[in-house]
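I opened my notebook to go through one structure, contact by contact. Here is what I looked up.

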Amino acid sequence: RDEAKLDDAVAAVDAVGPGDVVGYAADLTDGDAVSGLVEATAERFGTIDHLVVNTGDPASGGLHDVSDDDWYHAFDLLVMSAVRLTREAGPYLRDGGGSIVAITSITVRQPVPSLVLSSSVRMAVLGLVKTLSREFAPDVRANAVLPGPVETPALRNIVEDAVERGEYDTYEEGLASYWPDDIPTGGVAQPEELGDVVAFLASPAASYVNGAQLLVDGGVVRAV
């Protein structure tokens, strides 16, 4: 939604290799904006091969901390964005035999009391992905990725703010304390570690992976 941040991201990605990178500012809770995003992408590249559905987090808090409006906004942000993007991009994906990857959260496997919206509403995205894995087959595969803590700019801001408030002496201490459970692999993930998994699911190497829910959490979730 933020054009300045988007421009910075485009420049950073463009510097990695020779591919063509395009930015398009859009609020994914706005159906018209989603249509414009998909249309602009198809016009620029001729089609759409892969769709990665990813949005920010809804409001944090427990049951009595969030309002009805927070619930409706969370559904719009997390579920309807995926529905609208898939509906708009679907014809292009079917035509080219592409894939869909929805990025959700480990909260769908191990709910967090202070994240009632994420823990509850994201479950609908898994239902959508599982349905699409059959409805769009065999032309399009649909999978979900369930990341644990990732050192994104949003997480860095949270930790840096906590350091400024005096809750931690250093950024490293704050980052290590951010996740309350032990992470068997030894720390939060880097964005590239999540990106590599998404790239794999979109690649021919994952041609027989369909309807899967893949944890990328370093082993945080304890359930079998």
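**Entry 1**

I began with R84 and D76, which form a salt bridge with their closest N and O atoms 3.5 Å apart. For that term I used this rule: a side-chain nitrogen of Lys or Arg lies within 4 Å of a carboxyl oxygen of Asp or Glu. I noted the background too: side chains of opposite charge can pair when their charged atoms come close.

The model is predicted, so local features need pLDDT of at least 70 and side-chain atom pairs count only at pLDDT 80 or more, while totals for chains, interfaces and linings use all residues. Residues are numbered from 1 along each chain as its sequence is written, and side-chain values use heavy atoms, with hydrogens and water left out.

Next I asked how open each partner is. I took buried as under 20% relative accessible area, exposed as over 50%, and partly exposed as in between (1.4 Å probe, protein chains only). R84 has 18% relative accessibility, so R84 counts as buried. D76 has a relative accessible area of 25% and is partly exposed.

How many salt bridges does the rule give? The count comes to four.

I looked up D57 and R122. Their side chains meet in a salt bridge at 2.6 Å, N to O. D57 lies in the loop between β1 (50-53) and α3, and R122 lies in helix α4 (residues 116-135), so the pair ties together parts that are 65 residues apart in sequence. Is D57 buried or exposed? D57 counts as exposed, at 63% relative accessibility. R122 counts as buried, at 3%.

R165 and E167 form another salt bridge, with the closest N and O atoms 2.7 Å apart. R165 counts as exposed, at 55% relative accessibility. E167 counts as partly exposed, at 46%.

I moved on to helices. Helices (H or I, at least four residues) and strands (E, at least two) are DSSP runs, numbered from the N terminus. Axes are lines fitted to C-alpha atoms, for helices over the stretch in contact, and angles run from 0 to 180 degrees between N-to-C directions.

Helix α2 (residues 31-45) packs with helix α3 (residues 68-96) at an angle of about 25°, their axes 9 Å apart. I sorted angles like this: under 35 degrees is roughly parallel, over 145 roughly antiparallel, 65 to 115 roughly perpendicular, and the rest oblique. α2 and α3 are therefore roughly parallel to each other.

Which residues of α2 meet α3? They are G31, V34, S35, L37, V38 and A42, and they meet R84, L85, E88, A89 and Y92 in α3. Contact here means heavy atoms within 4.5 Å. By class, this contact has seven nonpolar, two polar and two charged residues. For the classes, Ala, Val, Leu, Ile, Met, Phe, Trp, Tyr, Cys and Pro count as nonpolar, Asp, Glu, Lys and Arg as charged, and the others, Gly among them, as polar. R84 from my opening entry is one of the α3 residues in this contact.

**Entry 1: α3 against α4**

α3 and α4 pack at an angle of about 20°, with their axes 9 Å apart. They are therefore roughly parallel to each other. From α3, the contact residues include W71, F75 and L78. From α4, they include V121, R122 and L128. The contact divides into 14 nonpolar, two polar and four charged residues.

I also checked S133, which is found in helix α4. S133 is buried, with a relative accessible area of 6%. Leaving aside its neighbours within four places in sequence, S133 is in contact with A142, N210 and G211.

**Entry 2: α5 against α6**

Helix α5 (residues 153-164) and helix α6 (residues 171-178) have axes that come within 9 Å and cross at roughly 120°. That makes α5 oblique to α6. The contact includes L155, I158 and V159 of α5 and Y171 and L175 of α6. Its residues divide into seven nonpolar, one polar and two charged.

**Entry 3: a cis bond**

Last, I looked at P138, in the loop between α4 and β3 (141-147). The peptide bond from A137 to P138 is cis, with omega near 0°. For background, most peptide bonds are trans.
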